[in-house]
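Visitor: I'd like a walk through this model, feature by feature. Could you show me how to read each one as we go?

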Amino acid sequence: MMKNQAVIKIFVLLFTLFFLSVPVMAGYTVVPMQFTLNANPGKTVTRTMKVENMEKTPISLRISTTDFIKGLHGEEKQVEPGTVKRGCAGWIMVSPKRLELAPHETQTVNFSMTIPMNGEGTYWGNIFVSQISKPTRSKIIKKGKTSFQIFTMQDMLIRVLENVPGTEQKQGVITDISIKDHKTGGKTVVEVIFENQGNSLLKCSGQIQIINDSGETVKTVPLDYGHAPFTVYPGGKRAVHGYIGENLLPGNYLLLTVIDYGGENLVAGEMEMEIRGRKIE
Amino acid sequence: MPVRWRWRSEGGKLNKIQKKNSCFAIMVIISAILFFWPLSISADETSGLSTGVTVPVIQSMDLNRRSFIFPDVSGANLDEGFIEAKDAAMITVSSNVPWQLTIQSEDQDMGKVDDNVKPLSDFLWKKSEDASYSAVSTKGQIVDSSAGYADHQNIELDYKMVVGWTRDVPGTYSLTLRFTLSTLH
(Lines give C-alpha, C1' and ligand atoms only; values in the text may rest on other atoms or scores of the structure.)
Protein backbone atom coordinates (compact mmCIF):
# COMPACT_ATOMS: atom_id res chain seq x y z
CA MET A 1 0.00 0.00 0.00
CA MET A 2 2.80 2.38 0.97
CA LYS A 3 4.72 1.32 -2.12
CA ASN A 4 1.74 2.06 -4.36
CA GLN A 5 1.31 5.52 -2.85
CA ALA A 6 5.00 6.26 -3.46
CA VAL A 7 4.70 5.18 -7.09
CA ILE A 8 1.66 7.39 -7.55
CA LYS A 9 3.41 10.39 -6.02
CA ILE A 10 6.44 9.92 -8.25
CA PHE A 11 4.19 9.63 -11.28
CA VAL A 12 2.33 12.83 -10.39
CA LEU A 13 5.62 14.62 -9.83
CA LEU A 14 7.03 13.54 -13.18
CA PHE A 15 3.76 14.42 -14.89
CA THR A 16 3.81 17.92 -13.39
CA LEU A 17 7.46 18.48 -14.25
CA PHE A 18 6.78 17.48 -17.84
CA PHE A 19 4.06 20.10 -18.29
CA LEU A 20 6.10 22.76 -16.50
CA SER A 21 8.94 22.16 -18.98
CA VAL A 22 6.72 22.65 -22.02
CA PRO A 23 7.09 26.23 -23.30
CA VAL A 24 3.99 28.29 -22.65
CA MET A 25 3.34 30.89 -25.32
CA ALA A 26 2.33 34.39 -24.39
CA GLY A 27 1.56 37.47 -26.45
CA TYR A 28 -1.19 37.12 -29.01
CA THR A 29 -1.58 35.11 -32.19
CA VAL A 30 -3.34 35.76 -35.48
CA VAL A 31 -4.35 32.78 -37.60
CA PRO A 32 -3.71 32.61 -40.49
CA MET A 33 -0.78 34.93 -41.08
CA GLN A 34 -0.96 34.91 -44.86
CA PHE A 35 -3.66 34.88 -47.52
CA THR A 36 -2.89 33.90 -51.08
CA LEU A 37 -5.88 34.72 -53.23
CA ASN A 38 -6.63 33.88 -56.83
CA ALA A 39 -9.68 35.99 -57.51
CA ASN A 40 -10.81 37.11 -60.95
CA PRO A 41 -11.20 40.78 -61.82
CA GLY A 42 -14.39 42.28 -60.49
CA LYS A 43 -14.80 39.63 -57.80
CA THR A 44 -15.04 40.29 -54.08
CA VAL A 45 -13.42 37.80 -51.71
CA THR A 46 -14.01 37.60 -47.98
CA ARG A 47 -11.81 35.94 -45.41
CA THR A 48 -11.59 35.65 -41.64
CA MET A 49 -8.80 35.62 -39.08
CA LYS A 50 -8.81 34.47 -35.48
CA VAL A 51 -6.99 36.63 -32.94
CA GLU A 52 -6.22 35.04 -29.59
CA ASN A 53 -4.85 36.75 -26.49
CA MET A 54 -2.41 34.32 -24.89
CA GLU A 55 -1.64 36.66 -21.99
CA LYS A 56 -3.01 36.80 -18.47
CA THR A 57 -3.83 40.48 -18.92
CA PRO A 58 -6.21 42.24 -21.34
CA ILE A 59 -4.80 43.53 -24.59
CA SER A 60 -5.89 46.20 -27.05
CA LEU A 61 -5.13 45.87 -30.75
CA ARG A 62 -5.57 48.12 -33.73
CA ILE A 63 -6.11 46.62 -37.19
CA SER A 64 -5.24 48.52 -40.32
CA THR A 65 -3.92 47.94 -43.81
CA THR A 66 -0.64 48.99 -45.34
CA ASP A 67 1.12 48.73 -48.62
CA PHE A 68 4.77 47.82 -48.36
CA ILE A 69 7.98 48.31 -50.28
CA LYS A 70 10.76 45.73 -50.27
CA GLY A 71 14.27 47.12 -50.33
CA LEU A 72 17.29 45.88 -52.19
CA HIS A 73 18.41 43.76 -49.24
CA GLY A 74 14.99 42.50 -48.22
CA GLU A 75 14.19 45.25 -45.72
CA GLU A 76 10.53 46.21 -45.69
CA LYS A 77 8.90 49.58 -45.29
CA GLN A 78 5.23 49.99 -44.52
CA VAL A 79 3.51 52.81 -46.41
CA GLU A 80 0.03 54.21 -46.71
CA PRO A 81 -2.50 52.27 -48.82
CA GLY A 82 -2.40 53.43 -52.40
CA THR A 83 1.28 54.35 -52.29
CA VAL A 84 2.53 51.31 -54.17
CA LYS A 85 1.47 50.84 -57.79
CA ARG A 86 0.64 47.16 -57.24
CA GLY A 87 -0.42 47.55 -53.64
CA CYS A 88 -3.80 46.06 -52.72
CA ALA A 89 -4.10 47.48 -49.20
CA GLY A 90 -6.49 50.12 -50.51
CA TRP A 91 -8.88 47.41 -51.74
CA ILE A 92 -9.12 45.71 -48.33
CA MET A 93 -11.97 46.46 -45.91
CA VAL A 94 -11.33 45.16 -42.39
CA SER A 95 -13.80 44.77 -39.55
CA PRO A 96 -13.47 45.45 -36.71
CA LYS A 97 -10.61 47.94 -36.70
CA ARG A 98 -10.03 47.65 -32.98
CA LEU A 99 -10.08 44.68 -30.64
CA GLU A 100 -10.25 44.49 -26.88
CA LEU A 101 -9.32 40.98 -25.83
CA ALA A 102 -9.70 39.62 -22.34
CA PRO A 103 -7.11 37.11 -21.13
CA HIS A 104 -7.22 33.98 -23.28
CA GLU A 105 -10.08 35.37 -25.35
CA THR A 106 -10.39 34.77 -29.11
CA GLN A 107 -12.17 37.06 -31.52
CA THR A 108 -12.74 37.00 -35.27
CA VAL A 109 -11.64 39.64 -37.73
CA ASN A 110 -13.22 39.75 -41.17
CA PHE A 111 -11.92 41.34 -44.32
CA SER A 112 -13.10 41.67 -47.88
CA MET A 113 -11.25 42.68 -51.00
CA THR A 114 -12.61 43.59 -54.43
CA ILE A 115 -10.34 43.07 -57.44
CA PRO A 116 -10.48 45.89 -60.01
CA MET A 117 -11.78 44.97 -63.45
CA ASN A 118 -8.41 45.69 -65.04
CA GLY A 119 -6.43 43.63 -62.54
CA GLU A 120 -3.62 41.43 -63.84
CA GLY A 121 -0.59 39.76 -62.29
CA THR A 122 0.31 39.94 -58.60
CA TYR A 123 -0.83 42.51 -56.06
CA TRP A 124 0.24 42.66 -52.45
CA GLY A 125 -0.46 44.34 -49.14
CA ASN A 126 -0.48 43.80 -45.41
CA ILE A 127 -3.11 43.66 -42.73
CA PHE A 128 -1.31 45.25 -39.80
CA VAL A 129 -2.28 44.17 -36.30
CA SER A 130 -0.57 46.35 -33.74
CA GLN A 131 -0.65 46.38 -30.00
CA ILE A 132 -1.89 49.66 -28.54
CA SER A 133 -2.11 48.74 -24.86
CA LYS A 134 1.18 50.08 -23.57
CA PRO A 135 2.89 48.69 -20.46
CA THR A 136 2.91 51.15 -17.60
CA ARG A 137 6.10 52.58 -16.18
CA SER A 138 7.16 50.43 -13.30
CA LYS A 139 9.88 52.55 -11.71
CA ILE A 140 9.40 55.75 -9.78
CA ILE A 141 11.90 58.41 -10.65
CA LYS A 142 14.47 59.00 -7.97
CA LYS A 143 15.40 62.60 -7.52
CA GLY A 144 18.77 63.28 -9.02
CA LYS A 145 18.90 59.89 -10.76
CA THR A 146 18.80 59.08 -14.44
CA SER A 147 16.85 56.09 -15.66
CA PHE A 148 16.14 54.60 -19.03
CA GLN A 149 13.09 52.43 -19.60
CA ILE A 150 12.51 50.45 -22.77
CA PHE A 151 9.01 49.25 -23.58
CA THR A 152 8.38 46.48 -26.09
CA MET A 153 5.23 45.99 -28.12
CA GLN A 154 4.16 43.21 -30.45
CA ASP A 155 2.92 43.70 -34.00
CA MET A 156 1.88 41.12 -36.53
CA LEU A 157 1.85 41.58 -40.29
CA ILE A 158 -0.58 39.43 -42.23
CA ARG A 159 0.38 39.16 -45.89
CA VAL A 160 -2.27 39.39 -48.54
CA LEU A 161 -1.19 38.27 -52.00
CA GLU A 162 -3.58 38.36 -54.95
CA ASN A 163 -2.66 36.56 -58.16
CA VAL A 164 -5.13 37.22 -60.96
CA PRO A 165 -5.53 33.86 -62.71
CA GLY A 166 -4.21 33.50 -66.22
CA THR A 167 -2.51 36.90 -66.35
CA GLU A 168 0.92 36.26 -64.89
CA GLN A 169 3.93 37.40 -66.86
CA LYS A 170 7.26 36.22 -65.52
CA GLN A 171 10.24 38.22 -66.61
CA GLY A 172 13.51 39.04 -64.94
CA VAL A 173 16.98 40.28 -65.67
CA ILE A 174 20.35 40.53 -63.96
CA THR A 175 21.23 44.22 -63.85
CA ASP A 176 24.58 44.18 -62.09
CA ILE A 177 27.36 41.90 -60.89
CA SER A 178 30.15 43.18 -58.73
CA ILE A 179 32.76 42.09 -56.23
CA LYS A 180 32.30 43.46 -52.75
CA ASP A 181 34.86 44.14 -50.06
CA HIS A 182 36.06 41.27 -47.93
CA LYS A 183 33.58 41.57 -45.09
CA THR A 184 32.87 37.97 -44.32
CA GLY A 185 35.94 36.50 -42.72
CA GLY A 186 38.12 37.06 -45.75
CA LYS A 187 35.80 35.43 -48.22
CA THR A 188 35.25 37.15 -51.52
CA VAL A 189 31.64 38.19 -51.99
CA VAL A 190 30.04 38.58 -55.39
CA GLU A 191 26.90 40.66 -55.38
CA VAL A 192 24.29 40.09 -58.06
CA ILE A 193 21.31 42.37 -58.52
CA PHE A 194 18.21 40.82 -60.06
CA GLU A 195 15.23 42.84 -61.25
CA ASN A 196 11.68 41.56 -61.66
CA GLN A 197 10.41 43.10 -64.89
CA GLY A 198 7.21 41.11 -65.02
CA ASN A 199 3.90 41.45 -63.20
CA SER A 200 4.16 38.39 -60.94
CA LEU A 201 5.91 37.61 -57.68
CA LEU A 202 9.04 35.60 -58.51
CA LYS A 203 10.69 32.95 -56.37
CA CYS A 204 14.25 32.65 -57.54
CA SER A 205 17.31 30.54 -57.07
CA GLY A 206 20.67 30.78 -58.71
CA GLN A 207 24.35 30.01 -58.72
CA ILE A 208 27.69 31.32 -59.85
CA GLN A 209 29.97 29.15 -61.93
CA ILE A 210 33.62 30.05 -61.66
CA ILE A 211 35.29 29.20 -64.99
CA ASN A 212 39.05 29.33 -65.55
CA ASP A 213 41.01 30.20 -68.68
CA SER A 214 40.72 26.64 -69.91
CA GLY A 215 36.96 26.80 -69.85
CA GLU A 216 36.72 24.46 -66.87
CA THR A 217 34.29 25.11 -64.06
CA VAL A 218 36.48 25.08 -60.98
CA LYS A 219 33.72 25.85 -58.52
CA THR A 220 29.97 26.46 -58.33
CA VAL A 221 28.54 28.49 -55.46
CA PRO A 222 24.85 29.12 -54.66
CA LEU A 223 23.27 32.55 -54.56
CA ASP A 224 21.40 33.66 -51.48
CA TYR A 225 20.69 36.63 -49.27
CA GLY A 226 20.94 34.71 -46.04
CA HIS A 227 18.85 31.88 -47.44
CA ALA A 228 17.44 30.60 -50.70
CA PRO A 229 15.18 30.78 -52.60
CA PHE A 230 14.70 34.52 -52.67
CA THR A 231 11.61 36.40 -53.74
CA VAL A 232 11.36 39.55 -55.83
CA TYR A 233 8.19 41.58 -56.18
CA PRO A 234 7.15 43.03 -59.57
CA GLY A 235 9.13 46.14 -60.33
CA GLY A 236 11.55 45.43 -57.52
CA LYS A 237 15.21 44.53 -57.30
CA ARG A 238 17.00 42.17 -54.95
CA ALA A 239 20.70 41.94 -54.16
CA VAL A 240 21.89 38.41 -53.60
CA HIS A 241 25.36 37.14 -52.87
CA GLY A 242 27.70 34.31 -53.67
CA TYR A 243 30.71 33.60 -51.49
CA ILE A 244 33.65 32.72 -53.69
CA GLY A 245 36.08 31.60 -51.01
CA GLU A 246 39.84 31.91 -50.82
CA ASN A 247 41.19 28.85 -52.55
CA LEU A 248 41.31 30.07 -56.15
CA LEU A 249 44.71 29.96 -57.84
CA PRO A 250 46.07 33.10 -59.48
CA GLY A 251 44.70 33.60 -62.96
CA ASN A 252 41.78 34.89 -64.97
CA TYR A 253 38.30 33.68 -64.27
CA LEU A 254 34.85 34.17 -65.66
CA LEU A 255 32.02 34.39 -63.13
CA LEU A 256 28.91 33.08 -64.88
CA THR A 257 25.78 33.83 -62.87
CA VAL A 258 22.61 31.94 -63.69
CA ILE A 259 19.23 32.61 -62.06
CA ASP A 260 16.07 30.53 -62.39
CA TYR A 261 13.06 32.76 -61.72
CA GLY A 262 10.45 30.25 -62.74
CA GLY A 263 9.99 31.62 -66.23
CA GLU A 264 10.42 29.84 -69.52
CA ASN A 265 14.09 30.79 -69.68
CA LEU A 266 16.93 31.23 -67.26
CA VAL A 267 18.76 34.53 -67.03
CA ALA A 268 22.51 34.85 -66.94
CA GLY A 269 25.19 37.43 -66.47
CA GLU A 270 28.94 37.22 -66.45
CA MET A 271 31.88 39.11 -65.09
CA GLU A 272 35.61 38.68 -65.55
CA MET A 273 37.85 38.39 -62.54
CA GLU A 274 41.61 38.29 -62.25
CA ILE A 275 43.44 36.90 -59.24
CA ARG A 276 47.00 38.14 -58.85
CA GLY A 277 48.93 36.32 -56.16
CA ARG A 278 46.41 36.52 -53.31
CA LYS A 279 44.86 39.86 -54.37
CA ILE A 280 41.63 39.78 -56.32
CA GLU A 281 41.16 42.36 -59.09
CA MET B 1 -41.31 -19.17 -51.69
CA PRO B 2 -43.06 -22.39 -50.83
CA VAL B 3 -45.09 -22.46 -47.67
CA ARG B 4 -44.43 -25.21 -45.24
CA TRP B 5 -47.36 -26.89 -43.78
CA ARG B 6 -47.36 -28.49 -40.39
CA TRP B 7 -49.83 -30.92 -39.37
CA ARG B 8 -51.23 -30.89 -35.81
CA SER B 9 -53.31 -33.52 -34.39
CA GLU B 10 -56.43 -32.42 -32.43
CA GLY B 11 -58.87 -34.94 -31.42
CA GLY B 12 -57.64 -37.34 -33.96
CA LYS B 13 -57.95 -34.94 -36.83
CA LEU B 14 -55.07 -33.52 -38.57
CA ASN B 15 -55.28 -29.81 -39.08
CA LYS B 16 -53.17 -28.03 -41.50
CA ILE B 17 -51.48 -25.06 -39.93
CA GLN B 18 -49.74 -22.48 -42.03
CA LYS B 19 -46.45 -21.89 -40.38
CA LYS B 20 -44.76 -18.61 -40.69
CA ASN B 21 -42.33 -18.77 -43.53
CA SER B 22 -38.98 -18.71 -41.76
CA CYS B 23 -37.13 -18.18 -44.98
CA PHE B 24 -39.23 -15.14 -45.77
CA ALA B 25 -38.56 -13.73 -42.32
CA ILE B 26 -34.88 -14.23 -42.76
CA MET B 27 -35.02 -12.43 -46.10
CA VAL B 28 -36.81 -9.47 -44.53
CA ILE B 29 -34.26 -9.26 -41.76
CA ILE B 30 -31.33 -9.40 -44.13
CA SER B 31 -32.90 -6.73 -46.35
CA ALA B 32 -33.45 -4.50 -43.35
CA ILE B 33 -29.87 -4.95 -42.25
CA LEU B 34 -28.58 -4.09 -45.69
CA PHE B 35 -30.82 -1.09 -45.93
CA PHE B 36 -29.78 0.43 -42.62
CA TRP B 37 -26.11 -0.71 -42.68
CA PRO B 38 -23.57 2.23 -42.67
CA LEU B 39 -22.85 3.51 -46.16
CA SER B 40 -19.13 2.99 -45.58
CA ILE B 41 -19.46 -0.71 -46.24
CA SER B 42 -20.80 -0.18 -49.73
CA ALA B 43 -18.42 2.75 -50.06
CA ASP B 44 -15.47 0.45 -49.37
CA GLU B 45 -16.53 -1.68 -52.21
CA THR B 46 -17.21 1.03 -54.77
CA SER B 47 -15.14 4.15 -53.80
CA GLY B 48 -12.54 5.39 -51.25
CA LEU B 49 -13.36 7.49 -48.20
CA SER B 50 -11.16 10.57 -48.24
CA THR B 51 -10.23 12.92 -45.44
CA GLY B 52 -7.82 15.74 -45.01
CA VAL B 53 -6.87 18.79 -43.01
CA THR B 54 -5.92 22.30 -44.03
CA VAL B 55 -2.96 23.69 -42.13
CA PRO B 56 -3.01 27.48 -42.10
CA VAL B 57 -0.01 29.76 -41.91
CA ILE B 58 0.58 30.10 -38.18
CA GLN B 59 3.10 32.28 -36.41
CA SER B 60 3.52 33.35 -32.82
CA MET B 61 5.83 35.66 -30.95
CA ASP B 62 6.45 35.95 -27.25
CA LEU B 63 8.31 38.86 -25.67
CA ASN B 64 9.78 37.78 -22.35
CA ARG B 65 9.27 41.22 -20.87
CA ARG B 66 7.19 44.21 -21.84
CA SER B 67 9.43 46.66 -20.07
CA PHE B 68 13.15 46.80 -19.39
CA ILE B 69 14.87 49.28 -17.12
CA PHE B 70 18.58 49.84 -17.45
CA PRO B 71 20.58 49.53 -14.22
CA ASP B 72 21.18 52.80 -12.43
CA VAL B 73 23.77 54.89 -14.20
CA SER B 74 27.04 55.10 -12.27
CA GLY B 75 30.07 57.34 -12.48
CA ALA B 76 31.93 54.50 -14.13
CA ASN B 77 29.26 54.33 -16.84
CA LEU B 78 29.56 58.04 -17.45
CA ASP B 79 33.34 57.73 -17.72
CA GLU B 80 33.00 54.84 -20.12
CA GLY B 81 30.37 56.65 -22.15
CA PHE B 82 27.78 53.90 -22.16
CA ILE B 83 25.82 51.45 -20.07
CA GLU B 84 25.36 47.97 -21.46
CA ALA B 85 22.69 45.39 -20.68
CA LYS B 86 23.33 41.86 -21.84
CA ASP B 87 20.32 39.62 -22.59
CA ALA B 88 18.00 42.55 -21.98
CA ALA B 89 15.22 41.01 -24.02
CA MET B 90 14.27 37.66 -25.47
CA ILE B 91 11.82 37.02 -28.24
CA THR B 92 10.54 33.51 -28.81
CA VAL B 93 9.35 32.84 -32.34
CA SER B 94 7.35 29.94 -33.71
CA SER B 95 6.38 29.70 -37.35
CA ASN B 96 5.39 26.97 -39.77
CA VAL B 97 6.57 29.03 -42.75
CA PRO B 98 9.66 31.10 -43.54
CA TRP B 99 9.58 34.16 -41.32
CA GLN B 100 11.19 37.44 -40.41
CA LEU B 101 11.28 39.55 -37.28
CA THR B 102 11.86 43.29 -37.44
CA ILE B 103 12.45 46.02 -34.87
CA GLN B 104 11.66 49.70 -35.02
CA SER B 105 11.21 52.58 -32.66
CA GLU B 106 7.77 54.03 -32.19
CA ASP B 107 9.29 57.30 -31.03
CA GLN B 108 11.47 59.89 -32.74
CA ASP B 109 13.49 60.36 -29.55
CA MET B 110 13.62 59.12 -25.96
CA GLY B 111 11.83 62.05 -24.42
CA LYS B 112 12.75 65.37 -22.94
CA VAL B 113 13.79 66.44 -19.46
CA ASP B 114 14.18 70.17 -18.85
CA ASP B 115 14.54 70.91 -22.56
CA ASN B 116 17.12 68.16 -22.92
CA VAL B 117 16.05 65.72 -25.62
CA LYS B 118 17.63 62.28 -25.52
CA PRO B 119 18.20 61.36 -29.17
CA LEU B 120 17.13 58.02 -30.57
CA SER B 121 20.68 57.42 -31.76
CA ASP B 122 21.83 57.00 -28.16
CA PHE B 123 20.05 53.64 -27.98
CA LEU B 124 21.76 50.66 -29.61
CA TRP B 125 20.80 47.02 -29.93
CA LYS B 126 22.19 43.75 -31.23
CA LYS B 127 21.51 40.06 -31.15
CA SER B 128 23.49 38.55 -28.31
CA GLU B 129 25.57 36.47 -30.70
CA ASP B 130 26.46 39.41 -32.94
CA ALA B 131 29.62 41.43 -32.52
CA SER B 132 28.50 44.99 -33.16
CA TYR B 133 25.59 47.16 -32.12
CA SER B 134 23.19 48.99 -34.42
CA ALA B 135 21.20 52.14 -33.86
CA VAL B 136 17.44 51.66 -33.85
CA SER B 137 15.35 53.41 -36.47
CA THR B 138 11.74 54.40 -36.94
CA LYS B 139 11.85 52.16 -40.02
CA GLY B 140 11.79 48.39 -39.70
CA GLN B 141 15.16 46.66 -39.42
CA ILE B 142 15.52 42.91 -39.67
CA VAL B 143 16.39 41.28 -36.35
CA ASP B 144 16.31 37.74 -37.68
CA SER B 145 14.80 35.72 -40.49
CA SER B 146 14.77 32.17 -41.75
CA ALA B 147 13.76 30.26 -44.85
CA GLY B 148 12.95 27.40 -42.51
CA TYR B 149 10.43 26.89 -39.76
CA ALA B 150 10.80 27.97 -36.14
CA ASP B 151 9.78 25.98 -33.09
CA HIS B 152 10.05 28.21 -30.03
CA GLN B 153 13.26 29.74 -31.33
CA ASN B 154 14.77 32.14 -28.79
CA ILE B 155 16.33 35.38 -30.02
CA GLU B 156 18.23 37.21 -27.29
CA LEU B 157 19.02 40.88 -27.54
CA ASP B 158 21.57 43.11 -25.85
CA TYR B 159 20.92 46.81 -25.30
CA LYS B 160 23.37 49.67 -25.01
CA MET B 161 22.68 53.25 -23.97
CA VAL B 162 25.11 56.05 -24.72
CA VAL B 163 25.59 58.28 -21.67
CA GLY B 164 27.97 60.99 -20.60
CA TRP B 165 28.69 63.55 -17.88
CA THR B 166 27.36 66.40 -19.98
CA ARG B 167 25.02 64.42 -22.12
CA ASP B 168 21.84 63.92 -20.14
CA VAL B 169 19.89 65.93 -17.61
CA PRO B 170 18.98 63.59 -14.71
CA GLY B 171 15.53 62.20 -15.21
CA THR B 172 13.58 59.36 -16.76
CA TYR B 173 13.84 58.71 -20.46
CA SER B 174 11.90 56.02 -22.27
CA LEU B 175 11.60 54.40 -25.62
CA THR B 176 9.03 52.06 -27.17
CA LEU B 177 10.29 49.34 -29.46
CA ARG B 178 7.91 47.54 -31.78
CA PHE B 179 8.75 43.99 -32.82
CA THR B 180 6.92 42.79 -35.92
CA LEU B 181 6.62 39.19 -37.05
CA SER B 182 5.66 38.32 -40.60
CA THR B 183 6.12 35.73 -43.29
CA LEU B 184 9.37 36.06 -45.16
CA HIS B 185 8.00 36.63 -48.61
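Guide: Happy to. Start with the area that two chains hide from each other: chain A and chain B bury about 4400 Å² between them, with 53% of it on carbon and sulfur atoms. Keep in mind that this is a predicted model.

Visitor: How many residues does each chain bring to the contact?

Guide: Chain A gives 47 residues and chain B gives 48 residues.

Visitor: And how many residue pairs are in polar contact between chain A and chain B?

Guide: The count is 26 residue pairs, both residues being at pLDDT 80 or more. On chain A's side, the elements giving two or more residues are strand 1 (28-31), strand 9 (122-131) and strand 10 (147-163). Strand 10 of chain A gives the most, with twelve residues. By type, the side of chain A that touches chain B splits into 21 nonpolar, 15 polar and eleven charged residues.

Visitor: What about charge pairs? How many salt bridges cross the interface of chain A and chain B?

Guide: Two, by the distance rule. Here's a case to look up: Glu55(A) and Arg66(B) form a salt bridge, with the closest N and O atoms 2.3 Å apart.

Visitor: Next, strands. Which strand of chain B pairs with strand 1 of chain A?

Guide: For pairing, you look at the bridges and the sense in which the strands run. Strand 3 (residues 59-63) of chain B pairs with strand 1 of chain A, antiparallel, over two bridges.

Visitor: What is the strand order of the open sheet of nine strands?

Guide: Read it as a list of neighbours: 6(A)-8(A)-3(A)-1(A)-3(B)-5(B)-12(B)-9(B)-10(B), with antiparallel pairing. Now check the ends of the list. Strand 6 (92-95) of chain A and strand 10 (134-135) of chain B each have a single partner strand, so one side of each is left without a neighbour in the sheet.

Visitor: Why is strand 13 of chain B described as largely enclosed by the rest of the structure?

Guide: Because twelve of the twelve residues in strand 13 (residues 172-183) of chain B are buried.

Visitor: Back to salt bridges. How many are there over all chains?

Guide: The whole structure has 16. With each one, ask how far apart the partners sit in sequence and how accessible they are. Take Glu76(A) and Arg159(A), whose side chains meet at 2.5 Å, N to O. Glu76(A) is in strand 5 (residues 76-79) of chain A and Arg159(A) in strand 10 of chain A, so the pair ties together parts that are 83 residues apart in sequence. Both Glu76(A) and Arg159(A) are buried.

Visitor: Where do Arg178(B) and Glu106(B) lie?

Guide: Arg178(B) is in strand 13 of chain B, and Glu106(B) is in the loop between strand 6 and strand 7 (109-113) of chain B, 72 residues apart. Their salt bridge has its closest N and O atoms 2.2 Å apart. Arg178(B) counts as buried at 9% relative accessibility, whereas Glu106(B) is partly exposed at 37%.

Visitor: Which residues do salt bridges with shared partners join into one network?

Guide: Glu84(B), Lys86(B), Lys126(B) and Asp158(B). Within it, Glu84(B) and Lys86(B) form a salt bridge whose closest N and O atoms are 3.6 Å apart. Glu84(B) is partly exposed at 33% relative accessible area, and Lys86(B) counts as exposed at 53%.

Visitor: Last one: how many helices and strands are in chain A?

Guide: One helix and 19 strands. Of its 281 residues, 46% are buried. For contacts in chain A with a separation of 6 or more, 68% come from residues 24 or more positions apart.

Definitions and conventions. Residues are numbered from 1 along each chain as its sequence is written. Chains are lettered from A and ligands numbered from 1 in the order in which they are written. This is a predicted model: local features need pLDDT of at least 70, side-chain atom pairs count only at pLDDT 80 or more; totals for chains, interfaces and linings use all residues. Side-chain values use heavy atoms; hydrogens and water are left out. Contact means heavy atoms within 4.5 Å. Buried area is the accessible area (1.4 Å probe) that two parts lose on being put together, summed over both. A salt bridge is a side-chain nitrogen of Lys or Arg within 4 Å of a carboxyl oxygen of Asp or Glu. A polar contact is a pair of N or O atoms within 3.5 Å; within protein, one must be able to donate a hydrogen and the other to accept it, and residues adjacent in sequence count only if both atoms are side-chain atoms. Helices (H or I, at least four residues) and strands (E, at least two) are DSSP runs, numbered from the N terminus. Ala, Val, Leu, Ile, Met, Phe, Trp, Tyr, Cys and Pro count as nonpolar, Asp, Glu, Lys and Arg as charged, and the others, Gly among them, as polar. Two strands pair if DSSP finds at least two bridges between them. Buried means under 20% relative accessible area, exposed over 50%, partly exposed in between (1.4 Å probe, protein chains only).
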